[in-house]
Amino acid sequence: MSLALDEIIGREKILEKFFKETKHIDKDFQEEIETLLKFVPRFTYSLFKGYVRAYCEGRLDNPLPLNQARFIEESDEIIRIQKEFLESFVNMGKTEKEKTLNFLKSVN
């Protein structure tokens, strides 16, 4: 639950501890989450927010054990949007990528 809260400091350590103490988790899934956390932490935490929201809204009886199929199934529309963006960005030409990056820089 704490991974979904922006106010929590040290979420990386919480997730690290969670993975160390969890015995029944797909190691490939764990490595994928750890890679995402390393390169795109806000995106990773947004996935956890969607998962926790699904639990709070009653779409999940229990958030544990954490497994990839349920995690992906319960992720918000945001993951689909970000996936679409990433796939599109990879296929853009150099000029389109530069324009897109310039736009994104102006947003922040």
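## Salt bridges in the predicted model

A salt bridge is defined here as a side-chain nitrogen of Lys or Arg within 4 Å of a carboxyl oxygen of Asp or Glu. By this criterion, the whole structure contains 5 salt bridges.

The structure is a predicted model, in which local features need pLDDT of at least 70 and side-chain atom pairs count only at pLDDT 80 or more, while totals for chains, interfaces and linings use all residues. Residues are numbered from 1 along each chain as its sequence is written, and side-chain values use heavy atoms, with hydrogens and water left out.

## A pair within helix α1

Helices are DSSP runs (H or I, at least four residues), and they are numbered from the N terminus. The side chains of E21 and K17 form a salt bridge, with an N to O distance of 3.9 Å. These two residues stand 4 residues apart in helix α1, which means that about one helical turn separates E21 and K17. Both E21 and K17 are exposed, a term that denotes over 50% relative accessible area, whereas buried denotes under 20% and partly exposed the range in between (1.4 Å probe, protein chains only).

Helix α1 also holds E16. With a relative accessible area of 39%, E16 is partly exposed.

## A network around R59

A network of salt bridges links E57, R59 and E74. In the salt bridge between R59 and E57, the closest N and O atoms are 2.3 Å apart. In the salt bridge between E74 and R59, the closest N and O atoms are 3.1 Å apart.

R59 is partly exposed, at a relative accessible area of 42%. E74, by contrast, counts as buried, at 10% relative accessibility.

## The nonpolar core

A nonpolar core is a set of buried Ala, Val, Leu, Ile, Met, Phe, Trp, Tyr and Cys residues joined through side-chain atoms within 4.5 Å. The largest such core has 17 residues, and those with the most contacts inside it are L15, F29, I33, F48, L66 and F71. Two or more residues each come from α1 (11-21), α2 (27-39) and α3 (41-56). The largest share, 6 residues, is supplied by α3.

Leaving aside residues up to four places away in sequence, I33 touches L15, F19, T44, F48 and F71; contact here means heavy atoms within 4.5 Å. In soluble globular proteins, nonpolar side chains tend to be buried together.
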